[in-house]
Amino acid sequence: MRGEEPTTRRRILNALKRHGKMSASALANEIGLTEMGIRRHMYGLEKEGYVEIESVRQAMGRPLHAYALTASGDELFPKNYHLLTLDLLSELEDEQFIDAMFEGRGKKLLNRYAPRMEGKALAKRVEELAAIQNAGGYMVELERHSDRSYTMHEYNCPIAQVAGVYQQACSCELELFRSLLQVPVERTECLAKGGGKCSYVIDGQPHTQVKKKLTDA
């Protein structure tokens, strides 16, 4: 995006956030552009996954086509979920309760994602894990090495603020990776501990003992 485009697109997104669904003509009036200019910007925003076109039924005539924010578009606006999470965790006070909560979350994630790993070779399981993490906003990059090992880098951590206070979040994530991949996994760098990214070294040898920690009742 060059020139005025970033500012114009942000104004469009702000208008959709304030008003909800809006037609091209309504946006044109709001932003001060022609409808053709609005559609040009909307094409780019739609291609990037930030807006979508919806049909709005009217009392008479054809449905009106309107633009609305997608979930990805809504995520461009500040969220303070981590503050709520930290406040709730601080209310628990008891370290054992906090440990149990994170272990419970790990079990739920394992049950959710384990079926996606069934019957797949390690290479495919690693790719599947990367896809899972990317869908969660972790910005994953994979490196495959000649000894059949892998390094997975995560350049964003959506739970970094929570993990910086409660290390259980990082520990449970590491155990989850080991359980899903069924090979040794070690974390060599951590965003929550001041690193530039989270990095995991994934061994290529079978490792069947790590699943028990998350699956035992």
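**Entry 1: confidence**

What is the mean pLDDT of the chain, and what share of its residues reach 70 or more? I found a mean pLDDT of 82, with 81% of the residues at 70 or more; pLDDT is the predictor's confidence in each residue, on a scale from 0 to 100. This is a predicted model, so I noted the ground rules: local features need pLDDT of at least 70, side-chain atom pairs count only at pLDDT 80 or more, and totals for chains, interfaces and linings use all residues. Residues are numbered from 1 along each chain as its sequence is written, and side-chain values use heavy atoms, with hydrogens and water left out.

**Entry 2: the chain as a whole**

I counted 10 helices and six strands. These are DSSP runs (helices H or I, at least four residues; strands E, at least two), numbered from the N terminus. Of the 217 residues in the chain, 36% are buried. For the record, buried means under 20% relative accessible area, exposed means over 50%, and partly exposed lies in between, with a 1.4 Å probe and protein chains only.

The accessible surface comes to about 13,300 Å², and carbon and sulfur atoms hold 51% of it. Those areas come from the Shrake-Rupley method with a 1.4 Å probe; for residues, only the protein chains shown count as cover. I also checked contact range: among contacts between residues at least 6 apart in sequence, 48% join residues at least 24 apart.

**Entry 3: the sheet**

In what order do the four strands of the open sheet run? I read β3-β4-β6-β5, with antiparallel pairing; two strands pair if DSSP finds at least two bridges between them. β3 and β5 are the edge strands, each pairing on one side only. From one strand to the next, the twist averages 20°. Axes here are lines fitted to C-alpha atoms, for helices over the stretch in contact, and angles run from 0 to 180 degrees between N-to-C directions.

Next I went through the pairs. β3 and β4 are antiparallel and joined by five bridges, and Glu-143 stands opposite Thr-151 in β4. β4 and β6 also pair in the antiparallel sense over five bridges, where Tyr-150 has Ile-202 of β6 as its bridge partner. β5 (residues 185-189) is joined to β6 by four bridges, again antiparallel, and Glu-189 has Ser-199 in β6 as its partner.

**Entry 4: the cores**

Which residues have the most contacts inside the largest nonpolar core? They are Leu-181 and Ile-202, in a core of 33 residues. A nonpolar core is a set of buried Ala, Val, Leu, Ile, Met, Phe, Trp, Tyr and Cys residues joined through side-chain atoms within 4.5 Å. α6 (95-113), α7 (122-135), β4 (150-154), α8 (160-165), α9 (168-181) and β6 (198-202) each supply at least two of its residues. α9 gives the largest share, eight residues. Apart from this core lies another, of 16 residues, including Leu-13, Leu-45, Val-51 and Leu-69.

Why is β6 largely enclosed by the rest of the structure? Because four of its five residues are buried. I listed the neighbours of Ile-202 beyond four places in sequence; among them are Val-126, Met-152, Leu-181 and Val-185.

**Entry 5: loops**

Met-139, in the loop between α7 and β3 (140-144), has phi near 55°. Arg-148, in the loop between β3 and β4, has a positive phi of about 70°. Arg-148 counts as partly exposed because its relative accessibility is 47%.

Last, I checked Ile-159, in the loop between β4 and α8. Ile-159 has 24% relative accessibility, so it counts as partly exposed. Beyond four places in sequence, Ile-159 touches Tyr-138 and Ala-169. From Ile-159 to Cys-170 I noted 9.3 Å, C-alpha to C-alpha, across 11 residues in sequence.

Key. Contact means heavy atoms within 4.5 Å.
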